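Morning, everyone. Please have the sequence and the model open while I talk.

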Amino acid sequence: MEVYLLSLASLQKEEIQQKVVDLLSETDRIGIEEIKSQKKRLTFLGGRILLEYVAHLHGLDTFHLAYGKNGKPYFSDIRDFFFNISHSGDYLILAWSRHEIGVDMEQIRKEMPRFPEKMLSPTDFSFWKKQNDLDKIRCFFELWTRKESYTKLHGDSIFRKAKELSVSDGEQFREFMGTSASYFHTCQWDDYMISVSTLEEKAHLSIKIVTLEEIIP
């Protein structure tokens, strides 16, 4: 398992964005022209160039993407590698593996969501309520990113039942709705919570920060 982090702020300047666009495939260049939101545009550009950079590190010069029912991208022509992408605030993160993988990153805000009971399973909500006031915010984002990363790992098979998923009982792996045993790896980086769900039992969560200078020739 490998995890890469890219600052979206490094893509703010228009001349930098154009350099990135010039590196994209014709299909992606057409796709980026249809994106009007600046934030979505940066996320698309960052995701594409980071994916191409990591793929190149593994000897993949070309690839084709397809999307699951709930929008999870995957390689349609490559069976040996898997990836997943998340973004929050000023950063984008990509998890890479030889097994199915899911990643979620959330910026830790000072205030809790208004209705945490609607976002967590009853078991997780009960666990969260027992935390002291200083730990509640961090605990919530740890639980939420775990749940999101697990959902993204298994994709369509559990999407509709994700509310029922509990991730707070301290075990390293989960089996839910007949899915394979999965392993959580969670850490806090700066003011972001990051969780990766993977089929790799002995994987280690180590984050490599990638700069734009490394990606753009």
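Let's start with Leu-11. Setting aside neighbours within four places in sequence, Leu-11 is in contact (heavy atoms within 4.5 Å) with Ile-16, Gln-17, Val-20, Leu-42, Leu-45, Gly-46, Ile-49 and Leu-212.

Two words on the ground rules. This is a predicted model, where local features need pLDDT of at least 70, side-chain atom pairs count only at pLDDT 80 or more, and totals for chains, interfaces and linings use all residues. Residues are numbered from 1 along each chain as its sequence is written, and side-chain values use heavy atoms, with hydrogens and water left out.

Now the cores. A nonpolar core is a set of buried Ala, Val, Leu, Ile, Met, Phe, Trp, Tyr and Cys residues joined through side-chain atoms within 4.5 Å. Buried means under 20% relative accessible area, exposed means over 50%, and partly exposed is in between, using a 1.4 Å probe and protein chains only. In soluble globular proteins, nonpolar side chains tend to be buried together.

The largest nonpolar core here has 31 residues. Which of them touch the most other members? They are Leu-11, Ile-49, Leu-50, Phe-75, Leu-94 and Trp-96. At least two residues of this core come from each of strand E1 (2-7), helix H1 (14-23), helix H3 (38-57), E5 and helix H6 (212-215). Helices (H or I, at least four residues) and strands (E, at least two) are DSSP runs, numbered from the N terminus. H3 gives the largest share of the core, nine residues. There is also a second, separate core of 14 residues, and Phe-125, Cys-139, Phe-141 and Trp-144 are among them.

On to the rings. A pair of aromatic rings is described by the distance of the centres and the angle of the planes. Rings of Phe, Tyr and Trp (its six-membered ring) pair if their centres lie within 6.5 Å; planes under 30 degrees apart are stacked, over 60 edge-to-face, and the rest tilted. How many aromatic pairs does the whole structure hold? The search finds 11.

Take Phe-81 and Trp-96. Their ring centres are 5.2 Å apart and their planes are at 35 degrees, so this pair is tilted. Phe-81 lies in the loop between E3 and E4, and Trp-96 in strand E5 (residues 91-97), so the pair ties together parts that are 15 residues apart in sequence. Phe-81 is buried at 9% relative accessible area, and Trp-96 is buried at 2%.

Next, Phe-140 and Phe-141. This pair is edge-to-face, with 5.3 Å centre to centre and 85 degrees between the planes. Phe-140 is buried, at 1%. Phe-141 is buried too, at 1%.

Ring pairs also build a cluster from Phe-63, Phe-75, Phe-81, Phe-83 and Trp-96.

Some rings have a charge over them. That requires NZ of Lys or CZ of Arg within 6 Å of the ring centre and within 35 degrees of the ring normal. The charged end of Lys-118 sits over the ring of Phe-115, 4.7 Å from its centre. Lys-136 has its charged end over the ring of Trp-128, 4.7 Å from the centre.

Last, the cysteines. How many disulfides (cysteine sulfur atoms within 2.5 Å) are there? The count is zero. Cys-139 is in no disulfide, and the nearest cysteine sulfur, that of Cys-187, is 16 Å away. Cys-139 is buried, at 10% relative accessible area. Cys-187 is partly exposed, at 22%.

Terms used:
Disulfide = S-S within 2.5 Å.
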